[in-house]
Amino acid sequence: MFDRLAALEERHQELEALLSRQDILGNPDEYRKIAKEHAELSPVVDTWRRYRKLEERLRENQELLRLEDDPEMREFIREDMAQLREEMESLELDLKKMLVPKDPNDEKNVILEIRAGTGGDEAALFAADLFRMYSRYAESQGWKIELLDSHPTGIGGFKEVIAAINGKGAYSRLKFESGVHRVQRVPETESQGRIHTSAVTVAVLPEAEEVDVDIDPNDLRVDVFRSSGPGGQSVNTTDSAVRITHLPTGLVVTCQDEKSQHKNKAKAMKVLRARLLDKIRSEQEAKIAQNRRSQVGSGDRSERIRTYNFPQNRVTDHRINLTLYKLEEILQGALDQVIDPLVATAQAEALQEGT
């Protein structure tokens, strides 16, 4: 680890020298690229330098202790050395965390897809509950949420709802939400008070830029049709809804929420790019890490990750054995109390794998 830190400090010094060169100052794109790398390295280099200063003070104290005869002074030096070691241990842990490889998608915006699973109308109603939960959480983080496509049921639920969540670090906070969310509650239509179990599938995809995924227009089939609402009735009188099929993979995306065919096509392409990027990443990860346990569960959207039990006001995340009796609070968007432990667990596992 220390060899790597020394190499990073050397690179940091090289970047500082480059930032003062006239040819770099005269090239805005190159300057921005170097300044970005310099800014990313600065926190770890600053921490490494603080660690080395403490290390030097510890060596000096060890020499003083060797030469000192006075018992009170020796005790004072020992206390100072103990404090220095404690500070060094804390900084060493910080450095290890900083050296954990970052997910390149962490700062990206998110495509959120929520689909009703087993449970019929009750699952569709819970899909709407989850969409409200994520919408409120996004608002609390200062993120912008944009509806891309939805298939409402007519009784306040969703068979499917797709949205974009735009904001710094959105993917880093929401990426552990992918999976099956199970709900246990008494439906309003249940006359005998029996608890029903339903399921909703959530997919959180990093939004892909055009440079992330190269899509050949010849690989696309674009169909237009009239938007339909619950029950199949026509919503618009023009062919504004868009269905895009990516022929090589068979992925199909539809969008019908806008009255403009152009806007629907743009939104559908945004979802398609995200799904293609997710497919590419999933295939790569499967090849690289077939037998390796991934962070906080597999992330497979067929995996049950969380249960929301209404009678007990309980939310349980099965991946980290977390149970909170704050169901209503969490459904109102107070998700940090679930997300923070998931992030902490992922960091701890990454640190363990890196040692």
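1. Gly 156 sits in the loop between strand E2 (144–152) and strand E3 (158–166). At a relative accessible area of 52%, Gly 156 is exposed; the scale here is buried under 20%, exposed over 50% and partly exposed in between, with a 1.4 Å probe and protein chains only. Asp 121 is 35 residues away from Gly 156 in sequence, and their C-alpha atoms are 9.4 Å apart in space.

2. A word on the basis. This is a predicted model, in which local features need pLDDT of at least 70 and side-chain atom pairs count only at pLDDT 80 or more, while totals for chains, interfaces and linings use all residues. Residues are numbered from 1 along each chain as its sequence is written, and side-chain values use heavy atoms, with hydrogens and water left out.

3. The overall tally is nine helices and 11 strands. Helices (H or I, at least four residues) and strands (E, at least two) are DSSP runs, numbered from the N terminus. Of the 355 residues in the protein, 41% are buried. Take the contacts between residues at least 6 apart in sequence: 61% of them join residues at least 24 apart.

4. Back to the hairpin. E2 and E3 have five residues between them, and Gly 154 in the turn has a positive phi of about 95 degrees. The two strands pair in the antiparallel sense over eight bridges; pairing here takes at least two bridges found by DSSP. Ser 150 has Val 161 in E3 as its bridge partner. On to strand E1 (residues 110–116): six bridges join it to E3, again antiparallel, with Arg 115 opposite Glu 160. Is E3 enclosed or open to the outside? Seven of its nine residues are buried, so E3 is largely enclosed by the rest of the structure.

5. Those strands belong to an open sheet of eight, in the order E2-E3-E1-E5-E4-E9-E10-E11, with mixed pairing. E2 and E11 are at the edges with a single partner strand each, so one side of each has no neighbour in the sheet. From one strand to the next, the twist averages 15 degrees. Further along, strand E9 (residues 304–309) and strand E10 (residues 314–317) pair in the antiparallel sense through four bridges, and Tyr 308 has Val 315 in E10 as its partner. Helix H5 packs on this sheet, touching E1, E2, E3, strand E4 (179–185), E5 and E9, and its direction makes about 40 degrees with that of E5. Angles run from 0 to 180 degrees between N-to-C directions of lines fitted to C-alpha atoms, for helices over the stretch in contact.

6. Which residues have the most contacts inside the largest nonpolar core? They are Ile 114, Leu 130 and Tyr 134, in a core of 38 residues. Such a core is a set of buried Ala, Val, Leu, Ile, Met, Phe, Trp, Tyr and Cys residues joined through side-chain atoms within 4.5 Å. Elements giving two or more residues to this core include E1, helix H5 (120–140), E3 and strand E5 (196–206). H5 gives the most, with nine residues. Beyond its neighbours within four places in sequence, Leu 130 is in contact with Ile 114, His 181, Val 200, Val 202, Tyr 308 and Leu 331.

7. Helix H1 (residues 2–19) reaches 26 Å from first C-alpha to last, close to the 26 Å expected at 1.5 Å a residue (1.5 Å times one less than the number of residues). Its buried residues are Leu 5, Leu 8, Glu 9, His 12, Leu 15 and Leu 19. They cover an arc of only 120 degrees around the axis, which puts them on the same side of H1; the arc is that of the directions from the helix axis to the C-beta atoms. Their cover includes helix H2 (22–25), helix H3 (28–67) and helix H4 (71–99).

8. Last, the other sheet: three strands, open, ordered E6-E7-E8 and antiparallel. Strand E6 (220–225) and strand E8 (251–255) are the edge strands, each pairing on one side only. Five bridges join strand E7 (residues 241–246) to E8, and Ile 244 stands opposite Val 253.

Key:
Contact = heavy atoms within 4.5 Å.
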